[in-house]
Structures are given as structure tokens and as C-alpha cells.
Amino acid sequence: MRGTVWLGCGSALDEEPLWRSILDRPRTRILYWPFALPREMLPSADGWLRGNLDRLGVDYELVTWQGLAQHAPSELCPGSTDLLFVGGGNTFRLLDEVRSHGFTRPIREFWRDGGDYYGGSAGAVLACESIAIAEGNDANEPGLSDLTGLALIAGVAVLPHFTDAQHASASHWSSTHDTTVIGLPETMGVRCSAGIATALGAGTVRRFAGDVVDEFAPGDSFQVSDRSWDDPPT
């Protein structure tokens, strides 16, 4: 049974309904990947997430990996981790780290086998088929030409930190890339399970399909596609 994918871009204070949905179990074993952040911010990343979780008063176990070089892909499995929490920062740096250390297939298999995935900002972009929407927002530091993402959800791109000022650019990007764009403000996120996305938070999620724009309030659902990675590609 596949896990659930949550997409967001804020803190527990911003996205409390989303985070409570993510942590809706007696105790959640969390593996945190913060390495999309600049190197100088990594030492404080674990404390940031612990502070957010403590604010919610939830029961959790947290392990933070500040990089993948010292870890084997076999360490990522639903037997020891309930939730893979992939944080924000530079999307290109994040994809490069995941791909360079052979974790693309293990993440897909983790999700396929029932593990949950939360992507915050860069982590949300990574969950899609391509991270191309990050071009112009993040610097392509590693010089990637292959922008294929995890493809845990298909047919959409996520635009995190969405504001009304980005309405025209999101519509234009959707048209020129023939891809539906989901605009997520910092107070909203979506839960994706079995091909259905549900808006959670306070505000409005927007879906751009060229010039057609749909708006979703908290609790509203809409269809997305997810992948059936019976034999996930590397």
C-alpha cells in the first residue's frame, strides 16, 4: 500500500492543520533531510524542526541526516521510518544530493511500500515529475540538465510560497510547459493519497491549467495522478 504525500512550504505555525494531519498517529518516526539549505544553516535545522513539533505537542522520534554521503539507501525503509520529511532550500542542490547518492529509487520504494513523504518548498517541488518550475527561482548550483524529480505525483508542478502577484506568471508557465501548476501559499498545503489531493490550512490553493484557474478552500479535494512504481527506475 502506497504512503501519503504531503506538500507544503511553511512552518507548523503557518500550516498547523497540515502538520497535524501528517502526525496523526500515536508516535511518528521522522527522518529529516534539511540539506537543501545553505551549509551554514544545517547545524540549526534539527532544532528548528524539533521546536515546531514540540509546539504541536505531538509524540515523535526524530533523526536528522545532514547529507547522504554517510548513509546507505537501505537505511530508508518503512520498518524504521514513518515519515520522510524533506525540507526547503535550493531545489537543484536537493535533487543533486538525492541523485548523486543513489536515493531516487529508494525514496520511490519507501513510498510505494507505505512510507509517508512530506515535502516542504524544495521538497514539494522534488515530489513532482520535474523540478523545472524552480528555474528562475533557485540557482542551478550543480549545473543539472536532467531535471527529473521523484514523480510521486504526476502531471503537476508545485509552486511553493505562492502569492497573488504570481498569478500571471503561474498561468504562463503552465501554458508554455503544458503542465498543471499548483500554487501553494505558506498557510496552505495539500495531502495527496490514492490520486486525490485535499487542501489543508487557511487560505486558498490555486490550480493553473493554462488560462483556466481553479481555487480550493480548506477541505476541498481535486484529482491528481500518482505513480505505480512496481519497478521504479533509478
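Start by selecting the charged side chains: the protein has 17 positive and 31 negative ones, and the centres of the two sets lie 4 Å apart. Here Lys and Arg count as positive and Asp and Glu as negative, while His and the chain ends are not counted. Each charge is placed at NZ of Lys, CZ of Arg, CG of Asp or CD of Glu.

A word on what is on screen: this is a predicted model, in which local features need pLDDT of at least 70 and side-chain atom pairs count only at pLDDT 80 or more, whereas totals for chains, interfaces and linings use all residues. Residues are numbered from 1 along each chain as its sequence is written, and side-chain values use heavy atoms, with hydrogens and water left out.

Now switch to a cartoon view. You will find six helices and 14 strands, which are DSSP runs numbered from the N terminus (helices H or I, at least four residues; strands E, at least two). The radius of gyration is 16 Å, close to the 17 Å that the globule rule gives for 234 residues, so the protein is as compact as a globular protein of that length. That radius is taken over C-alpha atoms, and the rule is 2.2 Å times the number of residues to the power 0.38.

Next, go inside. Of the 234 residues, 50% count as buried (under 20% relative accessible area; exposed is over 50%, partly exposed in between; 1.4 Å probe, protein chains only). Select Leu-7, Trp-19, Trp-33, Leu-84, Val-98 and Tyr-117: these have the most contacts inside the largest nonpolar core, a set of 77 residues. Such a core joins buried Ala, Val, Leu, Ile, Met, Phe, Trp, Tyr and Cys residues through side-chain atoms within 4.5 Å.

Stay with Leu-84. Beyond residues up to four places away in sequence, Leu-84 touches Leu-31, Trp-33, Leu-76, Ile-107, Phe-110, Asp-116, Tyr-117 and Tyr-118, contact meaning heavy atoms within 4.5 Å.

Move on to Thr-64, in strand β3 (residues 60–64). Leaving aside neighbours within four places in sequence, Thr-64 is in contact with Tyr-32, Pro-34 and Asp-46.

Finish with two alanines. Ala-151 sits in the loop between α5 (122–126) and β6 (153–154) and has a positive phi of about 55° although it is not a glycine. Is Ala-151 buried or exposed? Ala-151 is buried, with a relative accessible area of 5%. Ala-194, in the loop between β9 (188–193) and β10 (196–201), has a positive phi near 55°, and at 71% relative accessibility counts as exposed.
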